Amino acid sequence: MNPLIQRAQEISSRLPIIKIFSNNSISHNIGDIKDKKRGIGEEFWDYRDYQLGDPLKSIDWKKSSKVNRILIKNKENESSRNIWFWCNEGVSMNFRYSGKFEKKSERSKILSLILIDIFLRSGEKVGIVGSELGLQNGQKRFISIASEFVNKSYKLYDSRIKKNDIVFVFSDFLEKPHIIKKNLLNLTESIFQGFLVQILDPSELTFPFKGRNQFFDPFSGLHKIFNKSENMKDTYKSKFKNHQNELKKICLRFGWKFFSNSTDSNYQSLLLQIYRSI
């Protein structure tokens, strides 16, 4: 068995399941709602918060005024959600400053596989963005989807993602914010629930470099040499903080969740944040 898959299973086996529909912050059962059986597509059975791009005619102003939030009638065909995963396989994801820690790509895949295993055990339908494998359901499907996930890479696009599906995107998100925004908005024509997980090497947070160093930008292909790298530390950290703030602004605008995790931290710290946000 692939060591990444084995590591992920070891961790996920100790974690509880996640039930998306029974306890989540995305869809709300406000009460005083018609009790309709699922399958009647024209009748709504619950509500969710308004998202940028939703038609104004779908807003229930009466219910919204009662709870002080703008609510949308959630029809049956919008209520069931599939969960999709994508990991960036770009050059920058192979970087690591110290051999003591995983590459960013390895951390991304292990975290994704942990969540895939948990969601399959929870009875949710899971898919890989861009893969021809299709949606999978049931714990027995873990090995097939995990093998596909670690052995192949795909573009960040999938027309099968439907409205309100949940998409986990793992990357270092070091590109310029406007490029990140464009790529995510081109992911699908549907409005989706995004979970953006930024995976970083510890050195990208602390900038431990001293003396003469050559730095490589994987996006522009440029090399730069600094004779006293330590003189760049404050400037770098300030720019990096501004970059993260821009990412958070993008997520706030589109109702996406943003998380950050470094390869020297444990898996559980991030997973706990995700548990609390779903």
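# Questions and answers on the structure

User: What does I70 count as at 39% relative accessibility?

Analyst: The relative accessibility of I70 is 39%. Buried means under 20% relative accessible area, exposed over 50%, and partly exposed in between (1.4 Å probe, protein chains only). I70 therefore counts as partly exposed.

User: What kind of model is this?

Analyst: Residues are numbered from 1 along each chain as its sequence is written, and side-chain values use heavy atoms, with hydrogens and water left out. Local features need pLDDT of at least 70, side-chain atom pairs count only at pLDDT 80 or more, and totals for chains, interfaces and linings use all residues; the model is predicted.

User: How many helices and strands does the protein chain have?

Analyst: Helices (H or I, at least four residues) and strands (E, at least two) are DSSP runs, numbered from the N terminus. By this assignment, the protein chain has nine helices and 11 strands.

User: Which residues is I70 in contact with, leaving aside its neighbours within four places in sequence?

Analyst: I70 occupies the loop between α2 (61-67) and β3 (71-75). I70 and Q51 are 19 residues apart in sequence, and their C-alpha atoms are 9.0 Å apart. With contact taken as heavy atoms within 4.5 Å, and neighbours within four places set aside, the partners of I70 are R48, D49, Y50, I59 and S64.

User: Which residues belong to another core, of 19 residues, that lies apart from the largest one?

Analyst: Within the largest core, L113 is one of the residues that touch the most other members. Not counting residues up to four places away in sequence, L113 touches L4, I5, A8, F142, A146, F149 and V150. Apart from this core lies the one of 19 residues, and among them are L187, F192, L247 and F254.

User: What is the arrangement of the rings of F209 and F215?

Analyst: Rings of Phe, Tyr and Trp (its six-membered ring) pair if their centres lie within 6.5 Å; planes under 30 degrees apart count as stacked, over 60 as edge-to-face and the rest as tilted. The whole structure holds 14 aromatic pairs. In one of them, the ring centres of F209 and F215 are 5.1 Å apart and the planes stand at 90 degrees, so the arrangement is edge-to-face.

User: Which side chain makes a polar contact with the side chain of S12?

Analyst: S12 is in helix α1 and counts as buried, at 0% relative accessibility. A polar contact is a pair of N or O atoms within 3.5 Å; within protein, one must be able to donate a hydrogen and the other to accept it, and residues adjacent in sequence count only if both atoms are side-chain atoms. At 2.4 Å, the partner of the S12 side chain is that of D117.

User: Which residue has the backbone nitrogen that the side chain of S122 reaches at 2.8 Å?

Analyst: S122 lies in the loop between α4 and β5 and is buried at 4% relative accessibility. A polar atom of its side chain is 2.7 Å from the backbone oxygen of I118. The backbone nitrogen reached at 2.8 Å belongs to I18.

How values were computed: A nonpolar core is a set of buried Ala, Val, Leu, Ile, Met, Phe, Trp, Tyr and Cys residues joined through side-chain atoms within 4.5 Å.
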